Amino acid sequence: MAEHIVRFADRAEPITVRAGTLLVEAARRLGLDIQQPCGGQGRCGRCAVRVESGRVRRRSVLRLSKADVEAGYALACQTVVEGDVSVVVPPVEQIERRLTTDHVAPEVVVPVGYDPEKAQTIGRVFLRLSPPSMDDQTDDWARLCTALRRRTGIDRLRASLPQIRELGGTLRSSGWHVGLTYDTAGEPPGTARLIKVGPMASEASEPLCGLAIDVGTTTVTVFLVDLLTGEVTAQSSEYNQQIARGEDIISRIVYATKGGGGEELRELVLATINGRVAAVCGRANIEPAAIVKATLTGNSTMTHLLLGIPPESIRLEPFITSINQPPLLSARDVGITMCSDGTVDLLPGVASYLGADITAGVLSSGLRSSAETTLFIDIGTNGEMVLGSSQWLVSCACSAGPAFEGSGVVHGMRADRGAIEEVWIDGRSYEPTFRVIGKGQPRGICGSGLISLAAEMFLTGILDKGGHIDESLASPRIRRGSHGAEYVVAWGGDTANGDDITITAVDIDNLLRAKAAVYAGFNVLADRVGVELDSVERVLIGGAFGKYINVEKAVDIGLLPDLPWERFEFLGNTSVKGAYLSLLDREMRAEVGEIASAMTYVELSADNSFYEAFTSALFLPHTDLSRFPSVETSMT
Ligand code: FES
């Protein structure tokens, strides 16, 4: 049999092997250990190497994209030598990054050509007023308005009573030289709302700032934005303190209906927001009074609770909000610690379960600027999804339960330090390998870890199509526990608290229901507009769910449609990005309003086809395997 020379980039000596030898074997003989988490079955992609020159034959390219193969990547466990070859083994971290975060868009960037004069509704002018005299008896307010009109053309200024009360003192103590900040948002042409007046010297030295805030059910994120440059000068996130009163939307609504519960929840979310505002102000070394505008997003329940609006009707048929498009409010009314007459702008939502977080997400995802059929999804305890293009938008929301957020399962936890976030199982020994967030010993399994684990259990035969654990398999990891059959992912000796980390039959059942609800939602939307799911050209994934999830594993269990890998894109926190864009640019703010108005919302509980689609999707990956050709290939 022919022999060939294999060179590995970081080994001085080459090795001679027989034609047909696996690259992983050639490496092993040179003492080079290439990791094989899936036991060399071509399923995990972690053994990827780059073939720089020479002939090889790839038996499988399951975890590689077309572009990867063109760039020379090959799975060392699935690729055999057919000529003299030179190979580079990339660092482990590089492979991890490529497989998990390559498609993560960069954090916010200032829009190209940002010009606050044109884009902003906020304006600040410096006025030198002539003091009143016995010959000039004009009142303080008229004096200010006249000077403003002369400088800006704004001929009507609205103000609150507290502002009028303070005006005389401010004008006199500042020697009639003042800085005036106003907002034209929501006002007719030629009209503005007064935000603040202060001594010229102190106003001129103060930055002009805004806040973009995403009030999530789980996490509150705050961006501090310099409105003159558009830059995010500081950002901060924290768990929503309401979590202590319920993990998901429904439990918060129920809590709000108890005596005083709504007010308590309002205070908790305000404390969270104001804590983060204090943090970003501290980091940027500014006073909260320099913040003159805040643009907020959040699901409809969060915005209701923040504004102190009773949310009960959201969970009761026919599922109606009190308001989808709140008016502009002042920081004083809402309770945000910033300039007290600063504008608070809550972006518009569409329905009880399709809030401003999604309209903002659609805006920042750029879905509307493309003619391609695009699916935008944001999955947490609720699965919200929008199918559309520049011409049309149709949306729905389903209850996914807490499984994807790592709760509602025995050893579930949030995607935090110590969470198992990805799992590979050797199909012969049923032994797992896993990756833990922050490295170290595992404490539990987060949503992406559960998806990954279920996919591996299915592909290795531990789970059948119905999601049942095969207890006849010979492995100490498959056993009977207090919740029925279970699989031990980590033995107590290897975990942070000394307990075995397991996944039980009940956990699997919860996960199947969650993924079936989401996939059924996709189906209903596609049916509504008469497109096939496999004709979707882009899938944009927003929210924390997309941060760690492995698309292929999500396809393996039938959560995401079986589309080429390249069509998926992770966008991170699209909600706060949408708030940021709306804060900066009046046209973007107008567009998010158009998105909310243009979106057709499908109420799934009133849609007969949903239940049928849900039942079909309760299997792994689906009752109709032809919808998941890549999974079919992995199974054979
Ligand atoms: S070891 Fe090669 S793909 Fe998993």
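Isoleucine 213 is found in strand β12, which covers residues 209-215; strands (E, at least two residues) and helices (H or I, at least four residues) are DSSP runs, numbered from the N terminus. This is a predicted model, in which local features need pLDDT of at least 70 and side-chain atom pairs count only at pLDDT 80 or more, whereas totals for chains, interfaces and linings use all residues. Residues are numbered from 1 along each chain as its sequence is written, and side-chain values use heavy atoms, with hydrogens and water left out.

Isoleucine 213 counts as buried because its relative accessibility is 0%, where buried means under 20% relative accessible area, exposed over 50% and partly exposed in between, computed with a 1.4 Å probe on protein chains only. Leaving aside neighbours within four places in sequence, isoleucine 213 is in contact with Val220, Thr221, Val222, Ile273, Thr295, Leu296, Thr297, Val576 and Ala579, contact being defined as heavy atoms within 4.5 Å. Alanine 360 lies 147 residues from isoleucine 213 in sequence, and the two C-alpha atoms are 11 Å apart in space.

For the protein chain as a whole, 56% of the 636 residues count as buried, and the secondary structure comprises 20 helices and 29 strands. The C-alpha atoms fill a box of roughly 110 × 60 × 50 Å along the principal axes. Among contacts between residues at least 6 apart in sequence, 66% join residues at least 24 apart.

Alanine 360 also takes part in a helix contact, in which Thr359, Ala360, Val362 and Leu363 of α12 meet Met588, Glu591, Val592, Ile595 and Ala596 of α18. By class, this contact of α12 with α18 has seven nonpolar, one polar and one charged residues, with Ala, Val, Leu, Ile, Met, Phe, Trp, Tyr, Cys and Pro counted as nonpolar, Asp, Glu, Lys and Arg as charged, and the others, Gly among them, as polar. The axes of α12 (residues 356-365) and α18 (residues 586-598) come within 9 Å and cross at roughly 120 degrees, and α12 is therefore oblique to α18. Axes here are lines fitted to C-alpha atoms, for helices over the stretch in contact, and angles run from 0 to 180 degrees between N-to-C directions; under 35 degrees counts as roughly parallel, over 145 as roughly antiparallel, 65 to 115 as roughly perpendicular and the rest as oblique.

Turning to the aromatic rings, rings of Phe, Tyr and Trp (its six-membered ring) pair if their centres lie within 6.5 Å, with planes under 30 degrees apart counted as stacked, over 60 as edge-to-face and the rest as tilted. The count by this rule comes to five aromatic pairs. Phenylalanine 610 and phenylalanine 614 form a stacked pair, at 6.2 Å centre to centre and 25 degrees between the planes, and both are buried. The rings of tyrosine 611 and phenylalanine 614 have centres 6.4 Å apart and planes at 35 degrees, so this pair is tilted. Tyrosine 611 is exposed, with a relative accessible area of 60%, whereas phenylalanine 614 has 12%. Elsewhere, ring pairs link Tyr519, Phe522 and Phe628 into a cluster.
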